[in-house]
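Colleague: I have a few things to ask about this one. Can you put it up on the screen?

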Amino acid sequence: MADTLTIVDNRTGKKYELPIQDGTIKAMDLRQIKTADDDFGLMTYDPAFMNTANCRSSITFIDGDKGILRYRGYPIEQLAEDSDHLETAYLILNGELPTASQQAAFTQQITMHTMLHENVKKFMEGFRYDAHPMGIFLSTVGALSTFYPDAKRINDPESRHQQIIRLIAKAPTIAAYAYRHIVGRPYIYPDNDLSYTGNFLNMLFSTPADKYHPNDVLARALDVLFILHADHEQNCSTSAMRNIGSSQADPYAAIAGAAAALYGPLHGGANEAVLRMLDEIGSVDKVPEFIKKVKSGEAGSRLMGFGHRVYKSYDPRAKVIKKIADLVFTVTGKNPKLEIALELERIALQDEYFVKRKLYPNVDFYSGLIYQAMGFPTEMFPVLFAIPRVVGWLAQWQEMLVDPDQKIARPRQIYTGYDIRDYVSKEKRQ
Ligand code: CMC
């Protein structure tokens, strides 16, 4: 069996044979298909990249039909059970799990870079008291670009490593300061004696007057949530990261753009939207009415936290999160909205509308309930998604930079506007 595709162009009767590699044909191979010498050649039309591979990647594997997610070959369930976020970060970035000494060195590097320049603090103070923390987060990460001009050396592996360490280390500090800003409490400096998540919880919840002791169960739960969110191959924000990075912008600017993409309610903002939806529903007995509204498409309403472009079965991350929720609720007490969420899931999973469209709970359906039980305000949820995703963005950015197939991203269009016409002076315009 030849690994080729034969195309007959019925406009010209010409026949073409295109190589098939890894289940794809090269879009550029279509350009030879022309009706005349001055014809531009055939293109593909693929809004929202429904069926276009933009890169080769060895980082994350997803089988959406089977509900499989692996980082560098390791099943997400095993990493959630046995790994921690920084170990998983090392794996995602470097391709292999670290040895004990590699992990110690990596953790030490991250720990030594958690502080922010004092001027960053001043910059953050400038936001309004009710600024959305995700807006603060993405602007501040972008502003770091001005503090680290060396980051422009994107082709220097050492410089890249330095920025990767800085970004992973500083993301929780920026997130915590954003939170402290909106609640009007003083910023708390990082504490190098604490773990990555323990330090983050401390910066969020301690006060200068009181020593805060991060609860081990909650710190571990947050760590597992971070593992689950660390990468997810070519999603909207990661594609934004690769796109911006392809122009050779520095990683702070690129991450600001990626975080902006994550902010939207169809992506990382969905966890926040789920909680607002549960609030809107109000009680278990109102669930059928809400499902009816979603199915009728009333005012564009969707069941937030349901559905996925790639998963056409239960999101494997949602399965793990459901288990963590039980663990967290033993410490915090049950989130009263859990009953509404469970009822939504129960009804949706047997309703023909959702079954036919293969809509299942995704990562955002239950994560917000955990975050809320842990004491986070709803606005912080997308930020809690962004902190671990910094790892995936950086790994994908680095992979893109060293890939000889990659160039500046520049899609084509089908022009649908006017043909040439002459300028009309103001007096003559209709
Ligand atoms: N509620 C109700 N109907 C839905 C939903 C939903 N959550 N999601 C999809 N549909 C319907 C949609 O109306 C369409 O129906 P029809 O064929 O009759 O027009 C069909 O299912 C296919 O939907 P689509 O919008 O073409 O699918 P997509 O792949 O473009 O969108 C999605 C994927 C995640 C944006 C979408 O499922 C959605 O809006 N979900 C709610 C938001 C959400 O939870 N986002 C988080 C995604 S997971 C975290 C992350 O990685 O970002």
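Colleague: What does Lys-295 form a salt bridge with?

Modeller: In this predicted model, the partner of Lys-295 is Asp-351, with the closest N and O atoms 2.8 Å apart.

Colleague: Is Asp-351 buried or exposed?

Modeller: Asp-351 counts as buried, at 13% relative accessibility. Lys-295 is partly exposed, with a relative accessible area of 37%.

Colleague: How many salt bridges does a search of the whole structure find?

Modeller: The search finds 19. One of them joins the side chains of Glu-379 and Arg-276, at 3.9 Å from N to O. That pair also links distant parts of the chain: Arg-276 is in helix H11 (residues 270-281), while Glu-379 is in the loop between helix H16 (363-373) and helix H17 (381-401), 103 residues apart.

Colleague: 3.9 Å, N to O. Why does that still count as a salt bridge?

Modeller: Because the cut-off is a side-chain nitrogen of Lys or Arg within 4 Å of a carboxyl oxygen of Asp or Glu.

Colleague: And how exposed are Glu-379 and Arg-276?

Modeller: Glu-379 is partly exposed at 27% relative accessibility. Arg-276 is also partly exposed, at 42%.

Colleague: What about Glu-339 and Lys-334, what distance do you have there?

Modeller: Their side chains meet in a salt bridge at 3.1 Å, N to O. Glu-339 is partly exposed, with a relative accessible area of 37%, and Lys-334 is exposed, with 54%.

Colleague: Which residues do salt bridges with shared partners join into one network?

Modeller: Glu-272, Arg-276 and Glu-379.

Colleague: Ligand next. Which residues come nearest?

Modeller: There are 18 residues around the ligand, and His-267, Arg-302, Leu-303, Gly-305 and Arg-309 come nearest.

Colleague: What are the polar distances for Leu-303, Gly-305 and Arg-309?

Modeller: For Leu-303, a polar backbone atom is 2.7 Å from a nitrogen atom of the ligand. Gly-305 also uses a polar backbone atom, 2.8 Å from a ligand oxygen atom. With Arg-309 the polar atom belongs to the side chain, and it lies 2.7 Å from an oxygen atom of the ligand.

Colleague: How much of the ligand's accessible area does the protein cover?

Modeller: On its own the ligand has 940 Å² of accessible area, and the protein covers 73% of that. The residues of the shell around it divide into nine nonpolar, five polar and four charged.

Colleague: Changing topic: helix H2. Why do you call it largely enclosed?

Modeller: Because nine of the ten residues of H2 (residues 85-94) are buried. Those buried residues are His-85, Leu-86, Glu-87, Thr-88, Ala-89, Tyr-90, Leu-91, Ile-92 and Leu-93.

Colleague: What caps the N-terminal end of H2?

Modeller: Asp-84 does, with a side-chain oxygen 3.2 Å from the backbone nitrogen of Leu-86.

Colleague: And what is H2 followed by?

Modeller: H2 is followed by Gly-95, which has a positive phi near 95°.

Colleague: Which residues have a positive phi although they are not glycine?

Modeller: Asp-22 has a positive phi of about 55°, and Phe-49 has one of about 50°. Most residues other than glycine have a negative phi.

Colleague: Where are Asp-22 and Phe-49 found?

Modeller: Asp-22 is in the loop between strand S2 (14-19) and strand S3 (60-63). Phe-49 is found in the loop between S2 and S3 as well. Asp-22 is exposed at 58% relative accessibility, and Phe-49 is exposed at 56%.

Colleague: Last one, Ser-206. Buried or exposed?

Modeller: Ser-206 counts as buried, at 5% relative accessibility. It lies in the loop between helix H7 (196-205) and helix H8 (216-229).

Colleague: What does its side chain reach, and which residues does Ser-206 touch?

Modeller: The side chain of Ser-206 reaches the backbone oxygen of Asn-202 at 2.8 Å. Not counting residues up to four places away in sequence, Ser-206 touches Arg-180, Ile-188, Leu-201 and Tyr-212.

Methods. Residues numbered from 1 in each chain as written. Predicted model: local features only at pLDDT ≥ 70, side-chain atom pairs only at ≥ 80, totals over all residues. Heavy atoms only, no water. Helix = DSSP H or I, 4+ residues; strand = E, 2+ residues; numbered from the N terminus. Buried < 20%, exposed > 50% of the residue type's maximum accessible area, 1.4 Å probe, protein only. Polar contact = N/O pair within 3.5 Å; in protein donor to acceptor, adjacent residues only side chain to side chain. Contact = heavy atoms within 4.5 Å. Near = heavy atom within 4 Å. Areas by Shrake-Rupley, 256 points an atom, 1.4 Å probe, with all protein chains shown as cover. Nonpolar A, V, L, I, M, F, W, Y, C, P; charged D, E, K, R; others polar.
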